[in-house]
Structures are given as structure tokens and as C-alpha cells.
Amino acid sequence: MNEKTVNTPLGCLRIVASDSALLAIQFEGQHGGYEHAEPGSCTLLDAVDNQLQSYFTGQTRGFDLPLAPAGTVFQQEVWAALAHIPYGELRSYSDIAAKINRPRAVRAVGAANGRNPLPIVIPCHRVIGSDGSLSGFAGGLAAKEMLLSLEGSWPAA
């Protein structure tokens, strides 16, 4: 397992990958689960870095990376639904709950959204409250607002 720190408009992000898949993207101050990752570089970490930089400069709208987020079956269902939210579009937690055929699991969807180990790549930032308000994001609400503004789905700050 390898890790690399990359500079982005959101600050430094720690990316963690196995030999075959991206495992985590963590914001500064976030910890958990990957203490044994070795600093270094590998082809996959370089690809993640390049694709993140292209995303932040508006050159690309999506990611083409092998992903292996660790989570429960329910979390995996939620993250799969998040991955299908198009660039520049927003969904509510209840929209995601309906998408996975669990319309009453809105709070559980919110919890799974908050545990997404691959923010930005699995676009949990595109999920907002049903009243149209911004709600939690691992990188903070200012970061969520910046990502949505970058994608044109939120007024620029």
C-alpha cells in the first residue's frame, strides 16, 4: 500500500492506493485505516494526482480509475449511486435512498455518504439537503461549496 500527498485548491489531499486500486482520499487532518501506507509513488498514485489536477483545472469532468472503497454492502450501494450523479448535477439524500430502493433509509444514506472514503472521485459533494441546503462534507462546507461552484451547480463564492 502506497500513499502520496497532493496539493489541490482544497489544500493537501492524502491519496492511498494498493497495487491495483485507489483506496482513500483524505483531507488534511483526516485519519483512519491506512496508517501502514508507505510514502512513495506508483503509476496509480500518479494517475490519481494527474486526474485530480485535470478535474480542478476544468479539463476533465470525471475520473477513470480502479476503485476499491472498503465498506458495508449498504455503503457500497450508496457509493455506487453517488458515482452515477452527473457532473454539475445535485441530488438529495432522499433521491439517493430512492435510487437504491430504500426510500425510508434517508438517514442511513446520509451516514454512508459521510463515510465515503473516496470524496471527489465518488462525488458525495453532489448530495445536498432536500431543502436545497449544503450539508456535511469531510473537507468542510467551504470545500463542498468550492467543488459545486467548480462544477457550475452552486453559485460561486
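Two strands are said to pair if DSSP finds at least two bridges between them, and helices (H or I, at least four residues) and strands (E, at least two) are themselves DSSP runs, numbered from the N terminus. The structure described here is a predicted model, in which local features need pLDDT of at least 70 and side-chain atom pairs count only at pLDDT 80 or more, whereas totals for chains, interfaces and linings use all residues. Residues are numbered from 1 along each chain as its sequence is written, and side-chain values use heavy atoms, with hydrogens and water left out.

Four strands form an open sheet of mixed pairing, in the order 3-2-1-4. Strand 3 and strand 4 (38-39) stand at its edges with a single partner strand each, so one side of each has no neighbour in the sheet. In general, the strands of a sheet pair through backbone hydrogen bonds, in either a parallel or an antiparallel sense. Strand 2 and strand 3 are antiparallel and share five bridges; together they form a hairpin with four residues between them. Within this pair, Arg14 stands opposite Gln26 in strand 3, and Leu13 stands opposite Phe27 of that strand. Helix 1 packs on the sheet, where it touches strand 1 (2-8), strand 2 and strand 3, and its direction makes about 20° with that of strand 1; such angles run from 0 to 180 degrees between N-to-C directions, the axes being lines fitted to C-alpha atoms, for helices over the stretch in contact. Six of the six residues of strand 3 are buried, so this strand is largely enclosed by the rest of the structure, where buried means under 20% relative accessible area, exposed over 50% and partly exposed in between (1.4 Å probe, protein chains only).

A nonpolar core is a set of buried Ala, Val, Leu, Ile, Met, Phe, Trp, Tyr and Cys residues joined through side-chain atoms within 4.5 Å. The largest such core holds 39 residues, among which Val78, Leu82 and Ile120 touch the most other members. At least two of its residues come from each of strand 2 (11-17), strand 3 (22-27), helix 1 (43-56), helix 2 (73-83), helix 3 (93-99), helix 4 (106-114) and helix 5 (141-150), with helix 1 supplying the largest share, six residues. A second, separate core of five residues includes Val16, Leu23, Ala24 and Ala37.

In helix 2, the buried residues are Phe74, Gln75, Val78, Trp79, Ala81 and Leu82. They lie on the same side of helix 2, because they cover an arc of only 155° around the axis, the arc being that of the directions from the helix axis to the C-beta atoms. These buried residues pack against helix 3, helix 4 and strand 6 (127-128). Val78 is in contact (heavy atoms within 4.5 Å) with Ile96, Ile100, Val109, Ala112 and Asn113, leaving aside its neighbours within four places in sequence.

His125 has its place in the loop between helix 4 and strand 6 and is buried, with a relative accessible area of 0%. The side chain of His125 makes a polar contact with that of Glu151 (2.9 Å); a polar contact is a pair of N or O atoms within 3.5 Å, of which, within protein, one must be able to donate a hydrogen and the other to accept it, and residues adjacent in sequence count only if both atoms are side-chain atoms. Lys144, Leu147 and Leu148 are among the residues that His125 touches, not counting residues up to four places away in sequence.
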